[in-house]
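The text starts with what covers the helix and then turns to single residues.

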Amino acid sequence: MFELDRRLESDSVLVTHLDLCQVRLMNDARWAWLLLIPQRNQLQELHDLTPSERATVIEEIASASESLKTMISCDKINVAALGNVVSQLHIHVVARVEGDANWPGPIWGFETAVEYADDRLDQLV
């Protein structure tokens with residue numbers, strides 16, 4: 001049974017399940033920000049995946065990136081797997097817009113998250 005880190009669960013909303021990853025929307029209205037979390041326990045790094053799973057994750061990242069680019073008029077899609085705070089393997093896919101809250105700087109740890117209004121959250125999910 002797959003176990004999702006409680007911090008990831010509390011900071012995000014389930015969008016869908018792909019072949020390998022659970023897709024979640026971060027509840028921070030400053031950026032359109034997806035998390036892809038491979039549904040395998042005890043993974044911390046991309047190299048912990050099998051070669052086949054790594055290929056699947058790359059395709060799922062590409063799909064999530066294309067979806068964000070279609071939904072959000074953005075200038076750049078950022079993809080990162082950091083894991084310094086939450087060690088469970090998760091990949092950030094973030095739509096960035098020139099002039100957004102911290103453009104061109106990183107989003108990590110920048111001020112306080114701004115939760116979506118319920119109707120906007122439902123619309124994005």
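**A helix and its cover**

In this predicted model, the buried residues of helix α2 are covered by elements that include the strands β2 (21–26), β3 (32–38), β4 (76–80) and β5 (91–96). Helix α2 runs over residues 51–71, 21 residues in all. From its first C-alpha to its last α2 reaches 30 Å, close to the 30 Å expected at 1.5 Å a residue.

Which residues of α2 are buried? They are E53, V57, E60, I61, A64, S65 and L68. These residues lie on the same side of α2, because they cover an arc of only 140 degrees around the axis. The face turned away from that buried side carries the exposed residues P51, S52, I58, E59, E66 and T70.

One of the buried residues of α2 is E53. E53 has a relative accessible area of 14%, and buried means under 20%, so E53 counts as buried. Not counting residues up to four places away in sequence, E53 touches L20 and R40. With R40 there is a polar contact of 2.8 Å between the two side chains.

Now turn to strand β5, where R96 has its place. Is R96 buried or exposed? R96 is buried, with a relative accessible area of 3%. Leaving aside neighbours within four places in sequence, R96 is in contact with a set of residues that includes W31, C74, D75, K76, N78 and W103. N102 is also in contact with R96, and the side chain of R96 reaches the backbone oxygen of N102 at 3.4 Å.

Conventions: Residues are numbered from 1 along each chain as its sequence is written. This is a predicted model: local features need pLDDT of at least 70, side-chain atom pairs count only at pLDDT 80 or more; totals for chains, interfaces and linings use all residues. Side-chain values use heavy atoms; hydrogens and water are left out. Helices (H or I, at least four residues) and strands (E, at least two) are DSSP runs, numbered from the N terminus. The expected span of a helix is 1.5 Å times one less than its number of residues. Buried means under 20% relative accessible area, exposed over 50%, partly exposed in between (1.4 Å probe, protein chains only). The arc is that of the directions from the helix axis to the C-beta atoms. Contact means heavy atoms within 4.5 Å. A polar contact is a pair of N or O atoms within 3.5 Å; within protein, one must be able to donate a hydrogen and the other to accept it, and residues adjacent in sequence count only if both atoms are side-chain atoms.
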